[in-house]
Amino acid sequence: MLLTANSLRDIGPGLFMAVLVAMAAQFLSDHYGAPVMLMAILLGIPFQFLSTEAKTADGINFASRMVLRVGVALLGVRVSLDLLVGMGPTFAVLITLGLAVTILLGIALAPVFARSRSFGFLAGGAVAICGASAAMAIASLLPKHDKSESDLTFTVVCVTVASTVAMIVYPVIATSLGFDTNQAGVFLGGTIHDVAQVVGAGFSMSDETGDAATLVKLFRVTLLAPVVFLGALLLRNGAEVGAKPPLVPGFVLAFLALAALNSAHLLPEVVVTIADQISRACLVTAVAAVGMKTSLQELRTVGGSSVGLIVTLTVFLAVFIAVGIVVLSQ
């Protein structure tokens, strides 16, 4: 999207409001330890009326789509081939297999929970990869319908709450299973949805566990690009003529390009740090905008079955990774 002076005037007010909500969410996160993504979406919902106002609608739509894609693309600076080397191929295969099976299970179980397979893909990807960020990226590919925004909001809220609970409970589980530092890191990094909660859980056990958990989690983030690529390919093949999305979304190409540059150690540390901060700001702003596009009335119609699906997938992933660690460690 080429921004002109006129388009900037159109999107400015709405984008400014989304940024304000994101800043408030970040303040609550920094000072009170609240999950920033959850705060962003909850603070955004009361401002839903702005998404229907002529002056702010365009900017909110821009934040929920284009700003999101910039944020996901910049995630590429956080990943590299060094992650695979640091993890070891055995655990890398386990994490990849757990991710793939969780997404496929979400798609397969969705009709059982009276939901569409598209919602199963959305929920499975959010649980399997990186919570809210994955949900936002996958939602950008899915066919739009009248409940698209409420489905996305519901998924972000559920996976963020589940991730927060996991941050508290999973270290206890890892200890009770007798996992050593590396095993605990693989378990926490391979099962908790959001990066912030992985860091919190890992470093609550030890610095070594925190480092290992963060490494594994970033490897899961790396897998966002191929999942989005495959999703775009399948959706493209199933779309009607004239409605086909691009074979590879531009933000995925940018993600891969940045990851390649980072793998080749061509990005200075200061660039990586700044890009990472911008990425986080963009994602929080995009989540806030999604909240601002969601009405509570629509959110109520999503139903308890959706919670059941996300909880089922969360428990499955935890059991799968824990069993895999035990088997591989024998």
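Biologist: Is Lys293 buried or exposed?

Modeller: This is a predicted model, where local features need pLDDT of at least 70, side-chain atom pairs count only at pLDDT 80 or more, and totals for chains, interfaces and linings use all residues. Residues are numbered from 1 along each chain as its sequence is written, and side-chain values use heavy atoms, without hydrogens and water. Buried means under 20% relative accessible area, exposed over 50%, partly exposed in between (1.4 Å probe, protein chains only). Lys293 has a relative accessible area of 16%, so Lys293 is buried.

Biologist: Which residue forms a salt bridge with Lys293?

Modeller: A salt bridge is a side-chain nitrogen of Lys or Arg within 4 Å of a carboxyl oxygen of Asp or Glu. Here the closest N and O atoms are 3.1 Å apart.

Biologist: How far apart are the closest N and O atoms of Arg115 and Asp151?

Modeller: Arg115 is buried at 14% relative accessible area. Asp151 is buried too, at 5%. They form a salt bridge, with the closest N and O atoms apart by 3.0 Å.

Biologist: Where does Asp151 lie?

Modeller: Arg115 sits in the loop between α5 (89-109) and α6 (117-130). Asp151 is 36 residues away, in helix α8.

Notes: Helix = DSSP H or I, 4+ residues; strand = E, 2+ residues; numbered from the N terminus.
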